[in-house]
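The structure is shown first, and its parts are then described in turn.

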Amino acid sequence: MSRPVGGTHPEIQPYEHGMLVVGDGDLVFWEACGNPLGRPAIVLHGGPGSGCTSWQPRLFDPDAYRIVLFDQRNCGRSTPHASEPDIDLSNNTTPNLIADIERLREHLGVDRWLVTGGSWGSALGLAYAERHPDRVTGLVLWGVASARRSEFDWLFRGGVGAFFPEQWERLLNAVPNELRNGDVVEAYHRMLFDPDPDVRGQAAYEWCLWESATPSWPPTSGLDERFEDPAFALAFARLVTHYVRHDAWFEEDELLRGIGALDGIPAVLVQGRFDFQSPLGSAWAVHRAWPSSELVVVDDGGHDAGAPGIEHAIVRATDRFADRPERSST
């Protein structure tokens, strides 16, 4: 198939899909697109809780790639869904997500694959690759995060509020007085699991309004269209706060300290210079610690991977990997 000029590849439909039993009563939805005999690639969505979309396969040449996507635990089409009133998220952890990726790889009979993902998906991709470097042919990551506590604090505990003061103040003002003296993430987590559905719904709305403001510059004043579905918004907000309050089950600098396991594995890191959710400094720190990585800075880009400059850089990277001889496993 001819390469796109400045954009994504054509939209395609999956040729197979299924539900993978991952334990703990959880079922994970997965699908595969493109060429069944092509180079395997796994897509790790952001959030956590965003789910996979029809846009993500368009980042790959469908003639060259076997593109695998899945909805991480409790979101998208995976079950049970995080919007259910009595959902138990205690088994939704980063180590379990890494294990889910391995289960899916084995289920599909994939030996090694290109690992791709953005935002939270980039941190999960790094964690998976560090745990299973022998199963990775390369990585393409965007909106790069290394899951440090300082990164979570920046986005969810007021750091970036210096650039979005009106939106940050609204997020804080929606917290009841009795919860205002503690951690804003803990406060919203409690509100999102309140027995009153109106409290849960309003908390999800306010949280997602904050999430909508920060991906691009200038900030948007309304709700991103994906959050207009109340079930999606509640599940997303619950999963994000669940992960943030646990520091995503990482020790500080864990991913940076473990990046030596990726020595020699090629990678492209695509980063918007004006990414307020995942600042460029995070991608820079990953790149500096990983000599075989290439950092591509999109000067007019933010956190929105669908913006033309970032999208084009991701497609260029996957096209380059499609043409690259596979790294030997010996």
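## A pair of crossing helices

In this predicted model, helix H1 (residues 94–108) and helix H2 (residues 120–131) have axes that come within 10 Å and cross at roughly 70°. H1 and H2 are therefore roughly perpendicular to each other, and their crossing is right-handed.

On the H1 side, the contact is made by Thr-94, Leu-97, Ile-98, Ile-101, Glu-102 and Arg-105. H2 contributes Trp-120, Leu-124, Ala-127, Tyr-128 and Arg-131. Sorted by class, the contact of H1 with H2 comprises seven nonpolar, one polar and three charged residues.

Strands of a sheet pair through backbone hydrogen bonds, either parallel or antiparallel. Here, eight strands form an open sheet with mixed pairing, in the order S1-S2-S4-S3-S5-S6-S7-S8.

Strand S3 (residues 39–44) and strand S4 (residues 65–70) run parallel and are joined by five bridges. Within this pairing, Ile-42 has Val-68 of S4 as its bridge partner.

## Helices packed on the sheet

Helix H9 (residues 280–289) packs on the sheet, where it touches strand S7 (267–272) and S8. The direction of H9 makes about 160° with that of S8.

Helix H10 (residues 308–323) also packs on the sheet. The strands touched by H10 are S3, S4, strand S5 (113–118), strand S6 (136–142), S7 and S8. Its direction makes about 175° with that of S7.

How many residues of S7 are buried? Six of the six are, so S7 is largely enclosed by the rest of the structure. In a regular strand the side chains alternate between the two faces of the sheet. Both faces of S7 are covered: Ala-267, Leu-269 and Gln-271 are buried on one side, and Val-268, Val-270 and Gly-272 are buried on the other.

S7 runs parallel to S6, to which it is joined by four bridges; Val-140 stands opposite Val-268 of S7. S7 and S8 likewise run parallel, with six bridges between them, and Ala-267 stands opposite Ser-293 in S8.

Methods:
Residues numbered from 1 in each chain as written. Predicted model: local features only at pLDDT ≥ 70, side-chain atom pairs only at ≥ 80, totals over all residues. Heavy atoms only, no water. Axes fitted to C-alpha atoms, helices over the stretch in contact; angles between N-to-C directions. Helix = DSSP H or I, 4+ residues; strand = E, 2+ residues; numbered from the N terminus. Parallel < 35°, antiparallel > 145°, perpendicular 65-115°, else oblique. Left-handed = near helix turned anticlockwise from the far one by under 90°. Contact = heavy atoms within 4.5 Å. Nonpolar A, V, L, I, M, F, W, Y, C, P; charged D, E, K, R; others polar. Pairing = 2+ DSSP bridges. Buried < 20%, exposed > 50% of the residue type's maximum accessible area, 1.4 Å probe, protein only.
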